[in-house]
Every structure is written in C-alpha cells, then in structure tokens.
Amino acid sequence: MILASCGATWAQAALPSSKTKVIYFGQQNAEDFEAKVKPLFVEQARSCKSCEIVNYTPYTKEGAVDVEALQERISSLPQGTSFVFFDFNMKVNDHNKELVEVLNKKAEAGLVIVGTAGTPQAKEASSPLSRTVLGQVNGALIIGELAERDRLMPTGFYGPEMLTALRPPKEIMGQGYSPLIFAAALAENWQKRSSQEWVEYFRSKKMKSRKIWLDLGDMF
C-alpha cells in the first residue's frame, strides 16, 4: 500500500510551493548536522529566505543512523517537501533492494532526488555507480566532488550516471560538501521550474555541453 500511494502523493506536488523544503538523509549524527551541514546550506542558499533543510535521517536510540528505518522514512516524507538530498550512497545488496524500488516509485511520481556519488564503506573497493542505490534510481541527480587538478576523488563511486562533479571552495575541499552546495543552489532556483522540468533541464544541459564537468554557472 505504501508503494501504491507514492503516485498520489507526488502528483499534486508537480508545481513548487512558495517555500522550498529540502529533506536531508545522511550519515551525520544530529549534532553534526546542526553544526556543519545546516550552516553550510544556509550560507550557500543565503539569497533564498524561504529555503530550509530538514534532517529526516532515522536514528537508533543510541543516536546512530538507522539504515533499516530509511525505507519507511522515504515512504512518509513531510508535507511540502520540495526535493530530497542524500548525503551518502551505498552499494546495492539484498538488504536495500526494496529501498531502490521505493525511490524509483517516488521518482516516477515526480520527486526530485539529489545525492552524492558517495564512497564505499570501510574495507570495500570502489565500483561503478550502476551498482549503487542512487545509481539505480532513474533520474537521480548524482553529484561528485573534484579534487586537485579537477580529478575525481579516487575512492568514490564513478560512472555516467553522475550528472557532474564540482570543485568546492578551497577551505572545504576534500570534505565531501560539493553535493550539498549543489543542493543549496537548486533550492535557491527551485521556484523557476516544476520538479519534472528540473530533471529534464539538467539532462538536456549535460547532453548539450562539451565540458567533462558542468559547474554551477553552467547549470543555474
């Protein structure tokens, strides 16, 4: 029943509301989100007074990220959600296949899903994005991060599913915040298009560009 309700929930959200609400899912604990993630988002989206980022990450009683409860959270997003931002990615396995299905149902119904290309867990080798959760979500806007000399981080997931990779400001280079900066830029510009239009807009931008990596100025 949860999957069947996805279309009805997001069909009515095709046009943006007056407020832009970004729903955040990450691996940061609640304190680090408030101290690091939220302030950076607010700073990057400072021209948008109606933009906010809400931490919807499920936690266990001990304060750790509850990966098992993630699917339920995705299925019951808060009213007024503009788009979701995943601050992590992971390889597809038997435990998260249903999560991929739920995300694809949401995407088909009009939800814009933004996420980081991500890196493997400790002791895991890197692999193509096509083998990851976000890499298997149709229309997901996947953002990587560039290191020195504009090269991808060597430990990250990689592949054509990535919309682009961004070089962050020098003071935060190497900390994985490029996808968050993209999410803030999208929030600033969100009211200009409907959710379905944004995905097609970025896809067209990528196809028409001769650049290897589009920067923010190319997309907004």
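**Ground rules**

I worked on a predicted model, in which local features need pLDDT of at least 70 and side-chain atom pairs count only at pLDDT 80 or more, while totals for chains, interfaces and linings use all residues. Residues are numbered from 1 along each chain as its sequence is written, and side-chain values use heavy atoms, with hydrogens and water left out.

**Entry 1: enclosed space**

I began with empty space. Rolling a probe the size of a water molecule over the atoms shows where such space is left. The search runs on a 1 Å grid over the protein atoms alone; a cavity is a set of points where a 1.4 Å probe fits but cannot get out, a pocket is an open set with protein on both sides within 12 Å along at least five of seven lines, and lining residues have an atom within 4 Å of a point. Grid points are joined across faces, edges and corners, and a volume is the space filled by probe spheres set on the points.

Over the whole structure I found 1 cavity of 30 Å³ or more. The volume of the largest cavity is about 40 Å³. I listed its lining as Leu70, Phe86, Phe88, Asn89, Met90, Leu99, Val133 and Leu134. For classes I took Ala, Val, Leu, Ile, Met, Phe, Trp, Tyr, Cys and Pro as nonpolar, Asp, Glu, Lys and Arg as charged, and the others, Gly among them, as polar. The lining of the largest cavity then has 7 nonpolar residues, 1 polar residue and no charged ones.

**Entry 2: the largest pocket**

The largest pocket holds about 620 Å³ of space. It is lined by 31 residues, of which Asp87, Thr116, Gly118, Thr119 and Gly176 are the closest to its centre. By class I recorded 13 nonpolar, 14 polar and 4 charged residues in this lining. Strand 5 gives the largest share of the lining, 3 residues. Helices (H or I, at least four residues) and strands (E, at least two) are DSSP runs, numbered from the N terminus.

**Entry 3: salt bridges**

I counted a salt bridge where a side-chain nitrogen of Lys or Arg is within 4 Å of a carboxyl oxygen of Asp or Glu. The whole structure has 8 of them. For exposure I used relative accessible area: buried is under 20%, exposed over 50%, and partly exposed in between (1.4 Å probe, protein chains only).

Glu43 is bridged to Arg46, with 3.1 Å from N to O. Glu43 is partly exposed at 40%.

Arg203 and Glu200 also meet at 3.1 Å, N to O. Both lie in helix 6 (residues 195-208), 3 residues apart, about one turn of the helix. An α-helix has 3.6 residues a turn, so residues three or four places apart point the same way. Arg203 is partly exposed at 40%, and Glu200 is partly exposed at 44%.

**Entry 4: the loop between strands 5 and 6**

I next looked at Glu148, whose closest N and O atoms in its salt bridge with Arg167 are 3.5 Å apart. This pair links distant parts of the chain, 19 residues apart: Glu148 is in the loop between strand 5 (141-145) and strand 6 (162-166), and Arg167 is in the loop between strand 6 and helix 5 (178-189). Glu148 is exposed at 52%, while Arg167 is partly exposed at 41%. A network of salt bridges links Glu148, Asp150 and Arg167.

Which phi values are positive here? Arg149 has a phi near 60 degrees, positive in a residue other than glycine. Asp150, also not a glycine, has a positive phi near 55 degrees. Arg149 is exposed at 71%; Asp150 is partly exposed at 39%.

**Entry 5: helix 2**

Helix 2 (residues 30-44) has 15 residues and reaches 20 Å from first to last C-alpha, close to the expected 21 Å. The expected span is 1.5 Å times one less than the number of residues. I noted a bend of about 30 degrees at Val37, with Pro39 following within four residues. The bend at a residue is the angle between axes fitted to the seven residues ending there and the seven starting there. Phe33, Val37, Leu40 and Phe41 are buried in this helix.

**Entry 6: Ser178**

Ser178 lies in helix 5 and is buried at 1%. Its C-alpha is 5.6 Å from that of Glu145, 33 residues apart along the chain.
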